[in-house]
Amino acid sequence: MGYEINGLFLNSRDVIPILGTVRRKSEGRMQIQWISKPFSRLGVGELYEVLKLRVDVFVVEQNCPYPELDGKDSHPQTLHFMGWNKADGTLAAYLRILPPGLKFKQVTIGRFVVAKAFRRQRIGNSMLERALDRIKDAWPSETVKISAQVYLKNFYESHGFEAISERYVEDGIPHIDMILLK
Ligand SMILES: CC(C)(COP(=O)(O)OP(=O)(O)OC[C@H]1O[C@@H](n2cnc3c(N)ncnc32)[C@H](O)[C@@H]1OP(=O)(O)O)[C@@H](O)C(=O)NCCC(=O)NCCS
């Protein structure tokens, strides 16, 4: 069974469509379609939107020249987790899940981003919950470790993460390592 989003026909058992709704503070309900795919299943248009969002935020908005394309996207077990706005097909949110052993010994979540126009509508919350569910399916016995930007420490704590390092600066931005308590 296949379906179409953003002009792309998706038909693969690696593609996991999850329909979810998040409540918009001022504009009623907004529907986000959550999809997770390995690199080999990303269409060219999808890949462009993902990289554009990441560069727009992590390089341009956060004013940070760093190696954004680090070679980890194409690992066969890396999962690209996308939230598409159903109303107009724009990419509202994205994160990637890296398998154990690629960045850390543990499984990790990175490039966690919500496009500026969609922020503070609980999409970030929703995406993290869904990604953690996805991790539980794929690696049920693995610990999740993240390198979090310090300003989001409380946010990650509210999802069960605990700080396990001192603060450190990476690519000019304060970070802290956190793990998800089981
Ligand atoms: C971080 C980010 C993904 C949050 O997305 P979002 O959809 O706006 O988040 P939500 O509306 O679900 O809010 C979740 C929580 O995140 C925290 N949060 C979001 N923006 C924040 C900010 N600017 N400062 C501090 N905390 C913030 C709050 O705890 C918030 O909960 P609250 O609304 O109850 O206060 C988004 O702001 C973003 O893309 N930022 C730039 C990229 C980035 O820094 N990524 C994180 C890498 S570790």
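Q: What share of the contacts in the chain with a separation of 6 or more comes from residues 24 or more positions apart?
A: This is a predicted model, and its chain holds 3 helices and 11 strands. Read along the sequence, these elements follow the pattern β-β-β-β-α-β-β-β-α-β-α-β-β-β. Among the contacts with a separation of 6 or more, the share that joins residues 24 or more positions apart is 55%.

Q: How many of the 8 residues in strand 6 are buried?
A: In the chain of 182 residues, buried residues make up 24%. Strand 6, which spans residues 91-98, is mostly covered, and the number of its residues that are buried is 7.

Q: Which residue of strand 6 stands opposite His80?
A: Strand 5 (residues 79-85) and strand 6 run antiparallel and are joined by 6 bridges. In the hairpin that these two strands form, 5 residues lie between the strands, and Gly89 takes a positive phi near 75 degrees. Across this pairing, the residue of strand 6 that stands opposite His80 is Arg96.

Q: Which residue of strand 7 stands opposite Leu98?
A: Strand 6 also runs antiparallel to strand 7 (residues 108-114), to which 5 bridges join it. In strand 7, the residue opposite Leu98 is Thr108.

Q: Which residues does Tyr94 touch, not counting residues up to four places away in sequence?
A: Tyr94 is one of the core residues that touch the most other members. With residues up to four places away in sequence left out, Tyr94 touches Val50, Leu53, Arg54, Phe81, Met82, Arg111 and Val113.

Q: Between which domains does the ligand lie?
A: The ligand is surrounded by 17 residues, and the closest are Val114, Arg119, Gly124, Asn125 and Phe155. Two or more residues of this shell come from each of strand 7, helix 2 (123-138), strand 8 (145-149) and helix 3 (153-158). By type, the shell divides into 9 nonpolar, 5 polar and 3 charged residues. Because both domains give residues to the shell, the ligand lies between domain 1 (3-141) and domain 2 (143-182).

Technical notes: Residues are numbered from 1 along each chain as its sequence is written. This is a predicted model: local features need pLDDT of at least 70, side-chain atom pairs count only at pLDDT 80 or more; totals for chains, interfaces and linings use all residues. Helices (H or I, at least four residues) and strands (E, at least two) are DSSP runs, numbered from the N terminus. A residue is buried if 20 or more other C-beta atoms lie within 10 Å of its own, exposed if 12 or fewer, and partly exposed in between; C-beta atoms are placed from the backbone. Two residues are in contact if their C-beta atoms, placed from the backbone, lie within 7 Å. Two strands pair if DSSP finds at least two bridges between them. A residue is near a molecule or strand if its C-beta atom, placed from the backbone, lies within 6 Å of it. Ala, Val, Leu, Ile, Met, Phe, Trp, Tyr, Cys and Pro count as nonpolar, Asp, Glu, Lys and Arg as charged, and the others, Gly among them, as polar. Domain bounds come from an automatic or database domain assignment. A nonpolar core is a set of buried Ala, Val, Leu, Ile, Met, Phe, Trp, Tyr and Cys residues joined through C-beta atoms within 7 Å.
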